[in-house]
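Work through these exercises with the structure open beside you. Try each task before you read its solution.

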Amino acid sequence: MKELETAIAKYHAMKLKDILPPIDSLPVLCTDSSVMDVLEILRTRHHVWVINCKEDGKLIGVIRYLDVINFIMPPEKHSTFIGTTRTVLMSIQGGAEIASEVMEKSAIKINHNKSVLDALEKMKNYNLQLLAVVDDENRLIGEISLRILINKFLDLCF
């Protein structure tokens with residue numbers, strides 16, 4: 001049992017920058033990428049990070065798999081109330097053509113110098129399984145998922 005407690009303490013203290021998968025494995029598009037490019041990635045992934053390619057890769061937003069419902073649904077099928085017209089504008093038939101028009105601007109992110117424990121707490125607080133990992137200049141440098149965290153923990157235990 002002592003070995004497990006030691007492994008957990010070591011695990012919680014690990015820095016995210018030390019366990020990130022390679023950046024070239026991330027689903028990333030630029031803000032001006034087409035909605036069709038977004039759909040191509042979402043055929044096989046559950047999200048797409050959107051960055052500003054003109055400003056050194058700063059994270060601008062995220063498009064999740066379920067967001068596709070909003071942009072392939074006809075505008076007249078969206079429930080519109082005061083303050084909810086954004087989903088209509090996010091639809092292809094509503095005029096959306098590029099990633100920045102269909103993304104969520106509030107991507108939950110965490111700094112690469114934070115620990116695994118910090119990531120777990122943020123995931124719990126926001127009820128998420130995935131966080132964008134950014135550097136000190138808010139540039140996307142990776143992602144951390146619950147699956148990656150589970151694998152790292154199991155690696156420490158065996």
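## Exercise 1: An aromatic pair

The count of aromatic pairs comes to one. The model is a predicted one.

**Task.** Decide how the rings of Tyr-11 and Phe-153 are arranged: stacked, tilted or edge-to-face.

**Solution.** 
- Step 1: Check the distance. The ring centres of Tyr-11 and Phe-153 are 5.1 Å apart. Rings pair if their centres lie within 6.5 Å.
- Step 2: Check the angle. The two planes stand at 65 degrees. Planes over 60 degrees apart count as edge-to-face.
- Step 3: Conclude. The pair of Tyr-11 and Phe-153 is therefore edge-to-face.
- Step 4: Tyr-11 sits in helix α1 (residues 2–13) and Phe-153 in helix α7.
- Step 5: Sort by cover. Buried means under 20% relative accessible area. Tyr-11 has 6%, so Tyr-11 is buried. Phe-153 has 22% and is partly exposed.

## Exercise 2: Salt bridges

**Task.** How many salt bridges does a search of the whole structure find? Describe the ones formed by Glu-143, Arg-64 and Arg-139.

**Solution.** 
- Step 1: Give the count. The search finds five salt bridges.
- Step 2: Take Glu-143. The side chain of Glu-143 meets that of Arg-45 at 3.5 Å, N to O. Glu-143 is in strand β6, while Arg-45 is in the loop between α2 (35–42) and β2 (47–52). The partners are 98 residues apart. Glu-143 is buried at 7% relative accessible area, whereas Arg-45 is partly exposed at 27%.
- Step 3: Take Arg-64. Its partner is Glu-104, with the closest N and O atoms 3.4 Å apart. Arg-64 belongs to strand β3 (residues 58–64), and Glu-104 to the loop between α5 (99–102) and β4. Arg-64 is partly exposed at 26%, and Glu-104 is partly exposed at 27%.
- Step 4: Take Arg-139. Its side chain meets that of Glu-137 at 3.0 Å, N to O. Shared partners join Asp-135, Glu-137 and Arg-139 into one network of salt bridges. Arg-139 is partly exposed at 26%, and Glu-137 is partly exposed at 40%.

## Exercise 3: A surface patch

**Task.** Which residues form a nonpolar patch on the surface? Is Phe-158 buried or exposed?

**Solution.** 
- Step 1: Name the members. They are Leu-146, Ile-150, Leu-154 and Phe-158. Together they have about 430 Å² of accessible area.
- Step 2: Locate Phe-158. Phe-158 lies in the segment after α7 (146–157).
- Step 3: Apply the cut-off. Exposed means over 50% relative accessible area. Phe-158 has 83%, so Phe-158 is exposed.

Key: Residues are numbered from 1 along each chain as its sequence is written. This is a predicted model: local features need pLDDT of at least 70, side-chain atom pairs count only at pLDDT 80 or more; totals for chains, interfaces and linings use all residues. Side-chain values use heavy atoms; hydrogens and water are left out. Patches are made of residues with over 30% relative accessible area and no salt bridge: like charges are joined within 9 Å, nonpolar side chains (Val, Leu, Ile, Met, Phe, Trp, Tyr) within 5 Å. Accessible areas come from the Shrake-Rupley method with a 1.4 Å probe; for residues, only the protein chains shown count as cover. A salt bridge is a side-chain nitrogen of Lys or Arg within 4 Å of a carboxyl oxygen of Asp or Glu. Helices (H or I, at least four residues) and strands (E, at least two) are DSSP runs, numbered from the N terminus. Buried means under 20% relative accessible area, exposed over 50%, partly exposed in between (1.4 Å probe, protein chains only). Rings of Phe, Tyr and Trp (its six-membered ring) pair if their centres lie within 6.5 Å; planes under 30 degrees apart count as stacked, over 60 as edge-to-face and the rest as tilted.
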